[in-house]
Amino acid sequence: MPLPKRVPHEHTEAWDQIKQLCLWPEQRSYELLRPLVLYGDTAAERAAQTGANERTLRRQADQFEKEGLLSFFRPSPQQLADHHRSLPPPLRQLIVDLKADYPAFSLREIAQICYVQYGRRPSQPAIKQVLADGPPPSRKDRRFPQYSEIADPFERRRAVIALHVEGWAPASIADYLGLSRSTTYDLLKRFQEEGFAGIEPKSSANTRPVRKVDLAMRQAILKLQENPELGAWRMHAALKQMGWNISPTTCGRIMAENRQLYGLGKKPKEKKEPKEHPYKGLYRHHIWSVDVRYIEHHQIPGIKGSFYIISILDNFSRAILASNVCQRQDELSFLLILIEAILTHGSPDLLVSDSGSIFVSKQAKFIYARLHIQKEQIHKKQAWENLIETNFNLQRRLADFYFAQVTSWEEAKLEHERWMTSHNEQSHWAHRHREDGKRTPAEVLDHALGHVWAPEQLHRVFFTRRFERWLDRVGYLRFRQWHLYGEAGLARQAATVWLYGKTLTVEFASTPLTQFTVTFQPDQKRFRMVKLLHRFETHYRSPQLSLWSEEEVTWLLAWKARDALRRKTARPTPASTIQPTLFSDPEAS
């Protein structure tokens, strides 16, 4: 039967007409791409003419240049679904068994396993069709039990290797056997490098550890451990300040070795559960704690008995705000340290101390009231309520070993400054869990200020009994018609005179120099008598040696100044003593 004649049509480039004249989908696809591959038109121009997607046109044109006309004859989804029937029965059975054994398998992973075992990668529609109407699974139980349920260590590792050889991904192996991905990757790496010898049981000890502890660090720990009061945390903080960052656990282990070898350090004590502190600071400069500590063991020849350390602590940051080494624990020594703290950091909301007389004196209460500082006292025999006591325990471990070796007041001052720096700059146990990463008291304090007062306000509060005087060239000052000795080593320097009751103290830079007792005249202002009460040992002593020792000559440290010479005033001359004139007044005659 002859074929019908073709109906002639008018030549056109309009896509709407060409699309209607095409008989096959492949022909329509070719006409869509013909201007691109034949004339070199751009995909953007052709997309504007036909309304097709520009990226699709570009991708189809690239595929046509690689495969030619075969790129137009791709199988349809139905053809792909029917393709599974051409898969061999073992491959179809493998697909069903994999999905039954591990339901979390993706189609891509199943195709990869099929490719590894049979060299053929079925399409995802074909795998879907096999799972829908394929054969039933060949087994109902798991192929391998959980990793922890396999008793033999070699068999556990062999199960991981077996699944990997079959094409399983490491993430699927870890989920299927119930172990971590890192362990899975480690086992596969060992198998790749060593073969089956890599999955044999081995010791988990590190044969080539990275040694952070070297001989220099051990020597530093041994030297610091001469102080028997240092613990593992304080050793860790001291080494961190020196540039070595090792954990407190490592410090404790090395210190235990030193105790066993050299008998150094102290034995660890049993840990006690801490109590809830009644004066816990909620923010910086919320609560301050103050107290006096006795230093009984020293080798300073000029000081009999103990000397004292008065310190003020911020309860929130645990930073030492002001502290000084004193030879007397009197009210003036405390007020000097309180002034220094308030001038530097402002005033707190609450001040905590014990019932010591220097903390509850009338002058101290007057200052608290004028600066709006609430004063609290701890309960009797409950020293732990004063947080400065914890700091004193820390000071005992850090500094008492060195205080016991000082032989002069200058060394005591230096050790006190070293302790303050170490305390504020080393990591503190109370800040070990802070989220902002601040570990030292100085970092937590961060130059924050409390209630700041104007200088004239502080002057009215503190300085009503404070006077500034200059020392002369031999170290004396003049106060209320009396010459008082300060210190020859501070000649031409400005000193401060404190007058409290019948006690007069000369101090420089918060350090008392000399102290006198005075008796007043009836006007209660001028002095009747001034006697030396105490001359303090300071590091301001003149380095020049004296020609005479104090045992040979008794120096007069206070004497009354002579009254200034008064000028004689001219008295009126009596009339009888007036000398007559030599000549009379001519106008009068």
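This is a predicted model: local features need pLDDT of at least 70, side-chain atom pairs count only at pLDDT 80 or more; totals for chains, interfaces and linings use all residues.
Me: Why is Arg293 called buried?
Reply: Buried means under 20% relative accessible area, exposed means over 50%, and partly exposed lies in between, with a 1.4 Å probe and protein chains only. Arg293 has a relative accessible area of 11%, so Arg293 is buried.

Me: What makes the contact between Arg293 and Asp400 a salt bridge?
Reply: A salt bridge requires a side-chain nitrogen of Lys or Arg within 4 Å of a carboxyl oxygen of Asp or Glu. The closest N and O atoms of Arg293 and Asp400 are 2.5 Å apart, and the pair therefore meets the 4 Å limit. It links distant parts of the chain, with Arg293 in strand S1 (residues 287-295) and Asp400 in helix H17, 107 residues apart. Helices (H or I, at least four residues) and strands (E, at least two) are DSSP runs, numbered from the N terminus. Asp400 has a relative accessible area of 23% and is therefore partly exposed.

Me: Why is it said that the pair of Arg396 and Glu229 ties together parts that are 167 residues apart in sequence?
Reply: The closest N and O atoms of Arg396 and Glu229 are 2.6 Å apart, in a salt bridge. Arg396 lies in helix H17 (residues 387-403), while Glu229 lies in the loop between helix H12 (215-224) and helix H13 (232-242), so the pair ties together those parts. Arg396, at 27% relative accessibility, counts as partly exposed, and so does Glu229, at 25%.

Me: What separates Glu54 and Arg58 in helix H4?
Reply: Glu54 and Arg58 are four residues apart in helix H4, which means that about one helical turn separates them. They form a salt bridge whose closest N and O atoms are 2.8 Å apart. Glu54 is partly exposed at 33% relative accessibility, and Arg58 is partly exposed at 39%.

Me: How many salt bridges does the structure hold?
Reply: The structure holds 14 salt bridges. Glu13, Glu31 and Arg34 are linked in a network of them.

Me: How do you know that the buried residues of H14 line one face of the helix?
Reply: Thr250, Cys251, Ile254, Met255 and Asn258 are buried in H14. Seen down the axis, they fall within an arc of 130°, so they line one face; the arc is that of the directions from the helix axis to the C-beta atoms. On the other side of H14, Thr249 and Gln260 are exposed. The buried residues pack against H12 and H13, where contact means heavy atoms within 4.5 Å.

Me: What puts the buried residues of H3 on the same side?
Reply: Ala43, Arg46, Ala47 and Thr50 are buried in helix H3 (residues 43-50). They cover an arc of only 100° around the axis, which puts them on the same side of H3. Ala48 and Gln49 are exposed on the other side. What covers the buried residues includes helix H1 (15-21), helix H2 (25-39) and helix H4 (54-67).

Conventions:
Residues are numbered from 1 along each chain as its sequence is written. Side-chain values use heavy atoms; hydrogens and water are left out.
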